[in-house]
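Welcome, and please take a look at the sequence and model below.

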Amino acid sequence: MPAPSAPADSRAPDAALLPIPAFTDNYIWAVLRDGQAAVVDPGEAGPVLRLLQERDVALRAILLTHYHGDHVGGVMELRQATGATVYGPAHEELPHCDVRLVEGDGVALPELALDLRVLDVPGHTAGHIAYFGHMADAPVLFCGDTLFMAGCGRLFEGTAAQMSESLAKLAALSPNTQVCCAHEYTLANLKWALEVEPGNSDLHQVAQRARQLRENDLPTLPSSIGQELRINPFLRTRQPEIAQAAAARAGQPLSGPVEVFAALRRWKNEFK
């Protein structure tokens, strides 16, 4: 009698993390697993609907970080087309939101092997939130417009102190956390960061790799918390060389990391 065959492996495949290009430099992040999907900050519906059709997957959840149109513009069309549940910040005006979230709340999507908790990260907007957790066993952060590779969001509604505190929360996450930023601003940010800290060898290496990726029309993201701690001036305000560069640019002494951050943010705003 032949030996019985081994049972088929019924485990669902690992989740996939994809940046969907939108507009000119946005990314809508998608998590796909076992025929289902979630997306983060869909500023337009078309790219998401095309992905759903091409991959033959059903949209289960829409996660929003803040209210700006390039992050929420596709919500109503996607909800009407798919019935997906919409999660978003409790204190911002959104086109639609089924589940309002504040720091400490969780979003569990077991069908996607996605388990997230919410962080309040005001600064870019007053009610901005981020989602940190695990996709399968890998730590992941969906940070909207709070943190970029080698940069951070502009202060449209918050203060330098608020954004500094928000960035400190993110900087304290595990170094291997994948950082899923919402914009492909990397080359411009790295050009500025090299002005701030020209002697940083990590910055030069990352810039070379980023240029190669963009020359091949590939995303530079996700980054990682560990990498950002090595290259991002906004996370390095306590480093003497960063503080000295910011003070020289400001033309005056700076007392502490918040003043250094504020000077860096003004520098980046003016940088061409």
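Predicted model: local features only at pLDDT ≥ 70, side-chain atom pairs only at ≥ 80, totals over all residues.

Residues are numbered from 1 along each chain as its sequence is written, and side-chain values use heavy atoms, with hydrogens and water left out.

**Annotated site**
- An unreviewed UniProt entry places the feature "binding site" at His 66, His 68, His 124 and Asp 145; such annotations may be inferred rather than shown by experiment.
- These residues span 80 residues in sequence, yet no two of their C-alpha atoms are more than 10.1 Å apart, so they gather at one spot.

**Asp 145**
- Asp 145 is found in the loop between strand S10 (138-144) and strand S11 (147-148); strands are DSSP runs of E, at least two residues long, and helices are runs of H or I, at least four.
- At 4% relative accessibility, Asp 145 is buried (under 20% relative accessible area, 1.4 Å probe, protein chains only).

**His 68**
- His 68 lies in the loop between strand S4 (58-63) and helix H2 (69-72), and is buried at 17%.

**Sheet**
- An open sheet of 6 strands has the order S1-S2-S3-S4-S5-S6, with mixed pairing (at least two DSSP bridges per pair).
- Strand S1 (16-22) and strand S6 (99-101) stand at the edges, each with a single partner strand, so one side of each is left without a neighbour in the sheet.

Technical notes. Buried < 20%, exposed > 50% of the residue type's maximum accessible area, 1.4 Å probe, protein only.
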